[in-house]
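User: Could you take a close look at the place where the ligand sits, and then follow the protein outward from there? I would enjoy a connected walk through it.

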Amino acid sequence: MSSLASPVQVSILGATGSIGQSTLDVIARYPDRFQVFALSGHSNMAQLARDIKAFSPRFVVVPNNERRLELQRLTDAAETEILVGEQALSDVASAPEVDAVMASIVGAAGLDSSLSAAKAGKKLLLANKESLVVAGALLMDAVAHSGAQLMPIDSEHNAIFQCLPNGQTNQGVESVLLTASGGPFREFSLEQLAHVTPEQAVAHPNWSMGRKISVDSATLMNKGLELIEACWLFDLTPADIEVVVHPQSVIHSMVRYVDGSVISQMGAPDMRTPIAYGLAYPERIVSGSDRLQFTSALQLSFDQPDRVRFPCLRLAEDAMRLGGTAPAILNAANEITVAAFLNRRIGFTEIARINEQVLTDSNIETVESVEQLRDVDQRARQLAAAAVEV
Ligand code: NAD
Ligand code: MG
């Protein structure tokens, strides 16, 4: 980039979370190249206040007036305006001044702002996989119509993108190999799984992440959500995707070609690598990630996933095959059951059991609109919440 080019204006939604903070870490290395237009935070106002001080965004978005007052007590930055509510998330995702949007809110709560960025033709750096799971058809449509640039930030999808010419799967691709660490309970028996605690579940062996995705990694729901995400991003069906357990998380995913070649992307398990790739694409920039050292300490091993001990992977495959609103139903149920597990209301193996029950008990419809999906999401949440109470 020439020094005369104006900086890329970035909105970071979910800035106070794990991905949001890693994004700010990369951006801080390039003050002339990237400028923070807006940040959002849902609960950690102290972190948001520190980031306002460090990055002087034009806007920050908080969920309600209580948080606004809390934030005002913590910051005196006159150049930053505080906006309140969900609509403001979509506004800062689609503002004309904005070039790129990091969608790093957790859960279906990120859908509207991801869609707004896509409709407005932004460079959409998508970490919020639940957006694609819930509304893949609508989001991909919006991207196609507006000419938005969709950059996968999820490490596996970023890896697949890097292993494909121009991110396209129409050139001799046989399958996609989606790698999974297997999570902290990879070797646990069903009996042991029934008794694991939230503390054990959020202590991922390789990655430091938010609590929800950490539990999803432990149940393999994360891999299931990622399988659905990969289907939408790369125009695949579940049959085109092989899930491979690779406990070291060094290979971030692979593409198998018809000529026998398998291309992988490797790196230390650090989200700053895919974030930097997405931010600067097609250029490469320093991300702060550690170098991989090719010494005898680097061991790569592989295994098959166990869909009996980890039924959430199978549920996600089923949901994608069923199509329509099935993935949205499964995602909504899972958001409720994961929260219930984290609050010690249900055991670990109940997550998959209730998710399956909600999916089985729900009518699956053809996807028509965001309003319909909101309704489907709410109904599935109610069914899951009722099952948690039993
Ligand atoms: P996190 O819990 O650390 O952060 C979530 C962010 O979303 C926070 O800023 C929080 O304030 C905000 N938020 C929470 N609920 C909200 C709501 N209802 N409305 C608006 N904002 C809300 O989560 P994370 O680990 O950073 O993950 C963020 C997203 O990125 C998830 O979709 C996750 O699956 C995906 N992802 C994360 C990683 C990772 O390494 N952390 C890797 C790949 C993909
Ligand atoms: Mg991932």
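Analyst: A backbone N or O atom of Ala127 comes to 3.4 Å from an oxygen atom of ligand 1. Taken by itself, ligand 1 would expose 820 Å², and the protein buries 85% of that area. Please keep in mind that this is a predicted model.

Ser18 places a backbone N or O atom 2.9 Å from an oxygen atom of ligand 1, and for Val106 the corresponding distance to a ligand oxygen is 3.5 Å.

Now for the shell as a whole. Ligand 1 is surrounded by 22 residues, and the closest are Thr16, Ser18, Ile19, Glu130 and Gly210.

Glu335 belongs to helix 14. Is Glu335 buried or exposed? Its relative accessible area is 15%, under the 20% cut-off, so Glu335 counts as buried.

Helix 14 (326-342) leads us to helix 13, whose buried residues pack against it. Those buried residues are Pro311, Cys312, Leu313, Leu315, Ala316, Glu317, Ala319 and Met320. They also pack against helix 10 (211-219), helix 11 (221-234), strand 9 (241-245) and helix 15 (348-361). The length of helix 13 can be checked too: at 1.5 Å a residue, its twelve residues (311-322) should span 16 Å, and the end C-alpha atoms are 16 Å apart, so the two agree. After helix 13 comes Gly323, with a positive phi near 75°.

For another glutamate, turn to Glu174 in strand 8 (residues 173-180). Its relative accessible area is 46%, which means that Glu174 is partly exposed. Not counting residues up to four places away in sequence, Glu174 touches Arg256, Tyr257 and Val258. Its C-alpha atom is separated by 18 Å from that of Ile228, a residue 54 places away along the chain.

Notes
Residues numbered from 1 in each chain as written. Chains lettered and ligands numbered in written order. Predicted model: local features only at pLDDT ≥ 70, side-chain atom pairs only at ≥ 80, totals over all residues. Heavy atoms only, no water. Near = heavy atom within 4 Å. Polar contact = N/O pair within 3.5 Å; in protein donor to acceptor, adjacent residues only side chain to side chain. Areas by Shrake-Rupley, 256 points an atom, 1.4 Å probe, with all protein chains shown as cover. Helix = DSSP H or I, 4+ residues; strand = E, 2+ residues; numbered from the N terminus. Expected span 1.5 Å × (residues − 1). Buried < 20%, exposed > 50% of the residue type's maximum accessible area, 1.4 Å probe, protein only. Contact = heavy atoms within 4.5 Å.
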